[in-house]
Amino acid sequence: MSFDHRRLRDALGHFPTGVIIVTARTEAGEHLGMTMSSFNSVSLAPPLVVFSIHLGAASLAKWRLCRRYAINVLGEEQGHLSDRFARAKSAKWDDISPIEGQFGTPLLPEVLVALECEQYARHDGGDHELFVSRVLAIHEGPKHSRYPLVFQRGRYWSLQKDQCVS
């Protein structure tokens, strides 16, 4: 019996996720950036998080060589950045002046929070490679946006303001 991968993708689409852009600088000085919604915390002690990159990504070899990178959590008004960094081989960094992080990683301006990380471990994740990362520094963004960009069922969503269910 064959497995219905499209049905699984649709089922998983019911689970909303935040949207991040992982950024890095190669040893040659090239800026990398990729939109992702596969991101999770792993451990508080040590402080570990994980993201994954598809094995078919054109830039995967470059990401494997990066020792440090930043996880930039997007605010609800930053869908345009998510779209820009989701495209392969595009001019992602045009008109963007990254902020130099404490550990030399390029941070995106105006994000909710950025986590500067170093590579901790990489693991096989089927058609993805898992990047387990140790958080080195936390950079709080400006306070004008406090709601994250949320992705669910192939679209961006806004959290309903001032309504908490608990």
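Patches on a protein surface are made of residues that have over 30% relative accessible area and no salt bridge, with like charges joined within 9 Å and nonpolar side chains (Val, Leu, Ile, Met, Phe, Trp, Tyr) joined within 5 Å. Accessible areas come from the Shrake-Rupley method with a 1.4 Å probe, and for residues only the protein chains shown count as cover. The structure is a predicted model, in which local features need pLDDT of at least 70 and side-chain atom pairs count only at pLDDT 80 or more, while totals for chains, interfaces and linings use all residues. Residues are numbered from 1 along each chain as its sequence is written, and side-chain values use heavy atoms, without hydrogens and water.

One nonpolar patch on the surface is formed by Phe3, Leu8 and Leu12, which together have about 310 Å² of accessible area. Leu12 belongs to helix 1; helices (H or I, at least four residues) and strands (E, at least two) are DSSP runs numbered from the N terminus. With a relative accessible area of 54%, Leu12 is exposed; the term exposed means over 50%, buried means under 20%, and partly exposed lies in between (1.4 Å probe, protein chains only).

The structure also holds six salt bridges, each being a side-chain nitrogen of Lys or Arg within 4 Å of a carboxyl oxygen of Asp or Glu. In one of them, the side chains of Glu30 and Lys62 meet at 3.0 Å, N to O. This pair links distant parts of the chain, 32 residues apart: Glu30 is in the loop between strand 2 (20–25) and strand 3, and Lys62 is in helix 2 (residues 60–65). Glu30 is partly exposed at 35% relative accessibility, and Lys62 is partly exposed with a relative accessible area of 36%.

Another salt bridge joins Glu118 and Arg68, whose closest N and O atoms are 4.0 Å apart. Because Glu118 lies in strand 9 (residues 113–125) and Arg68 in strand 6 (residues 68–73), the pair ties together parts that are 50 residues apart in sequence. Glu118 counts as partly exposed at 25% relative accessibility, as does Arg68 at 34%.

A network of salt bridges links Arg64, Arg122 and Glu129. Glu129 counts as buried, at 8% relative accessibility, whereas Arg122 is partly exposed, with a relative accessible area of 36%.
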